[in-house]
Amino acid sequence: MELTIEQIAEACKGRLVWKGNPKDRLRTVSCVTLDSRQIAENGVFVATVGQRVDGHKFVSQVFEKGACLAIVEKTQAQVEKEQGGPVKEWGSYLLVEDSFQALKDLAEFYRSTLSIPIVGITGSVGKTSTKEFIAGVLSQKYCVLKTEGNFNNEVGVPLTLLRIRKEHQAAVVEMGISDFGEMHRLSKMVRPNVCVITNIGQCHLENLGSRDGILKAKSEIFDFMAEDAAVCLNGEDDKLRAIAQVKGKKPHFFGLGNEPGQEVYASDIVSRGLWGSDAILYFAQGAARCGEENGEGEAVVSSIPIHIPLPGRHMVLNAAAAACVGRILGLTPEQIARGIETVKAVTGRNHLIRLSHYTLIDDCYNANPVSMKAAIDLLAMADTEKTAILGDMFELGEDSDALHRQVGSQAARAGIHRIFCVGENARHMYEGALGAADEKQTVLYFAARQDLERALMESGEKNGEPLIPWGDTVLVKASHGMEFSELIRKCFLVDEVPL
């Protein structure tokens, strides 16, 4: 990466204690990491104080592995005092007031040195899938870096930016928040050339209060967008559709052709069940729509057939978002269609796994009412009997009980054969499911994830009849804090789920 020690010291506003050849301060570093296990030769280690681990304990080790600099907020003497004994001699270090802030400052500076287009993505749901579609599309023309895993917050975003190398021609950065001001700070680092908002749904209501509050918080992505930036918004979302201008420029709208003004939209959708959808992707000139004409009476819409390999109408919408971005960044319809077809599900998000006795829909990474409904609709497409394992949704504020009841009711009305509700908040989900279920449906409640795990593992042992009959399609979904990835590991013997 094109960063020198002197640039890092200046960007982080720290006091550099250099113990090597003064000329070496002008050499470029290989990487920046918070994880001492990932340090590389000539890399920079940022020692942070976390809830569980203090990174300053590993400063000596990173120098043994070839690190050229540590960014610290404690001196070696302070660490020795805390540990009650001497530590191995440190190499060169940069002393700062706050290591996390130094990381953000460094990422902001590094971003200012880059000339490649960066796509910033936010929204209540669908960020990760949309990121995958956009990266897949742009990869047909550019060398693309994208956010990996859950690196979408004030720690993950700067680390993502610092992974950009000279071979990259574009980057796709996912930006997640839970409170006001966070997106403002993320935007200051990312300075996106293209801003994408997937939707405004009911999540983080505990902090943001309402959909209007969510819109306000998500719109902070515009605060530091590049001067010539383009804005891509979901034209199916009532809150986003009402945005007429952003800093004097008209947004680009994508959708499913249900509303006027959509420049890119997918229509003629044919579901292939759990294995995706086929559709026609339309590209309109300006705000024209299919069937409309320009001033000379000529149609101004082109189209191309596409296959969306991930199931559900919401995935078609995510593909349309990617097509909108691809169009702005100069890709042809044929390149866009090929890119959409390459996308694969991300572990923990609508990840379809074929097992010997079940088809598993691993969507355990996170949950809110909008994504719960989409996951239930997806499960309903299965041509087998269906089981939904649904857990607590967090940060829903004062409407939490009612929203959980609605999800339970939705699952029952969707015809799901077995509905297992897990967790303290899920009691209300259970009540909603019971109220809407018929006599052929099974609705069970488990106070904790461990209770369901025991029931699943013991059911076959006691009477030979598994709690979930063989052949079912099984959806597993809850907020990340429920740790349903553990349930998948223990009860379905699947290892590739997110921590």
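**Exercise 1. In which sense do strand 3 and strand 4 pair, and over how many bridges?**

Step 1. Find strand 3 (residues 44–46) and strand 4 (residues 69–72): they pair in the parallel sense over three bridges. Strands here are DSSP runs (E, at least two residues), helices are H or I runs of at least four residues, and both are numbered from the N terminus. Two strands pair if DSSP finds at least two bridges between them.

Step 2. Pick out Val44, which stands opposite Leu69 in strand 4.

A word on the model: it is predicted, so local features need pLDDT of at least 70, side-chain atom pairs count only at pLDDT 80 or more, and totals for chains, interfaces and linings use all residues. Residues are numbered from 1 along each chain as its sequence is written, and side-chain values use heavy atoms, with hydrogens and water left out.

**Exercise 2. Work out the strand order of the open sheet of five strands.**

Step 1. Reading across, the order is 1-5-4-3-2, with mixed pairing.

Step 2. Check the edges: strand 1 (15–17) and strand 2 (32–33) each pair on one side only.

Step 3. Contact means heavy atoms within 4.5 Å.

**Exercise 3. How do helix 1 and helix 4 cross?**

Step 1. Their axes come within 8 Å and cross at roughly 120°. Axes are lines fitted to C-alpha atoms, for helices over the stretch in contact, and angles run from 0 to 180 degrees between N-to-C directions.

Step 2. That angle makes helix 1 oblique to helix 4. For the cut-offs, under 35 degrees is roughly parallel, over 145 roughly antiparallel, 65 to 115 roughly perpendicular, and the rest oblique.

Step 3. List who touches whom: Gln7, Ile8, Ala11 and Cys12 of helix 1 meet Ala102, Asp105, Leu106 and Phe109 of helix 4. Sorted by class, the residues of this contact are six nonpolar, one polar and one charged. Here Ala, Val, Leu, Ile, Met, Phe, Trp, Tyr, Cys and Pro count as nonpolar, Asp, Glu, Lys and Arg as charged, and the others, Gly among them, as polar.

**Exercise 4. Which residues make the contact of helix 5 with helix 11?**

Step 1. Locate helix 5 (residues 127–138) and helix 11 (residues 313–328), whose axes come within 8 Å and cross at roughly 40°. The two are therefore oblique to each other.

Step 2. From helix 5, take Ser129, Thr130, Phe133, Ile134, Val137 and Leu138; they meet Met315, Asn318, Ala319, Ala321, Ala322, Val325 and Gly326 in helix 11. Nine residues of this contact are nonpolar, four are polar and none is charged.
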